[in-house]
Amino acid sequence: MCSRRSTCPAAASSAPHLVRAHPEQGWSLLCDGTIVFDDTGELLPDGRVVTPHRPAVAVAAAAVAVAVAA
């Protein structure tokens, strides 16, 4: 990651703002360096991964769609 940083509000004051959006690729970059994925997963600036937290209904619907497609 580059050393240049945009201004980003303190964590206590408000949520980080969007710096770059790539909806065609399914991800967005926040001012604090976090990459947020459309499936609700995250890649934090220190390399830690936040797994997607999808509702059980969405997961079940995706499983049915895969089974039907197969």
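1. T34 counts as buried, at 4% relative accessibility. Buried means under 20% relative accessible area, exposed means over 50%, and partly exposed lies in between (1.4 Å probe, protein chains only). T34 sits in the loop between strand 2 (27-30) and strand 3 (35-37).

2. A word on the basis. This is a predicted model, where local features need pLDDT of at least 70, side-chain atom pairs count only at pLDDT 80 or more, and totals for chains, interfaces and linings use all residues. Residues are numbered from 1 along each chain as its sequence is written, and side-chain values use heavy atoms, with hydrogens and water left out.

3. Which residues does T34 touch, not counting those up to four places away in sequence? They are S28, L29, E42, L43, L44 and P45. Contact here means heavy atoms within 4.5 Å. The side chain of T34 also makes a polar contact of 3.0 Å with the side chain of D32. A polar contact is a pair of N or O atoms within 3.5 Å; within protein, one must be able to donate a hydrogen and the other to accept it, and residues adjacent in sequence count only if both atoms are side-chain atoms.

4. Now the overall layout. The chain has one helix and five strands. Their order along the sequence is β-β-β-β-β-α. Helices (H or I, at least four residues) and strands (E, at least two) are DSSP runs, numbered from the N terminus.

5. How much of the chain is buried? Buried residues are 11% of the 70 residues. The accessible surface is about 5300 Å², and 64% of that belongs to carbon and sulfur atoms. These areas come from the Shrake-Rupley method with a 1.4 Å probe; for residues, only the protein chains shown count as cover. Among contacts with a separation of 6 or more, 8% join residues 24 or more positions apart.

6. The structure holds one salt bridge. D46 pairs with R48, and their closest N and O atoms are 2.7 Å apart. The term means a side-chain nitrogen of Lys or Arg within 4 Å of a carboxyl oxygen of Asp or Glu. D46 is exposed at 52% relative accessibility. R48 is exposed too, at 54%.

7. F37, L43 and V49 make a nonpolar surface patch of about 240 Å². Patches are made of residues with over 30% relative accessible area and no salt bridge: like charges are joined within 9 Å, nonpolar side chains (Val, Leu, Ile, Met, Phe, Trp, Tyr) within 5 Å. V49 belongs to strand 5 (residues 49-50). V49 is exposed, with 60% relative accessible area.
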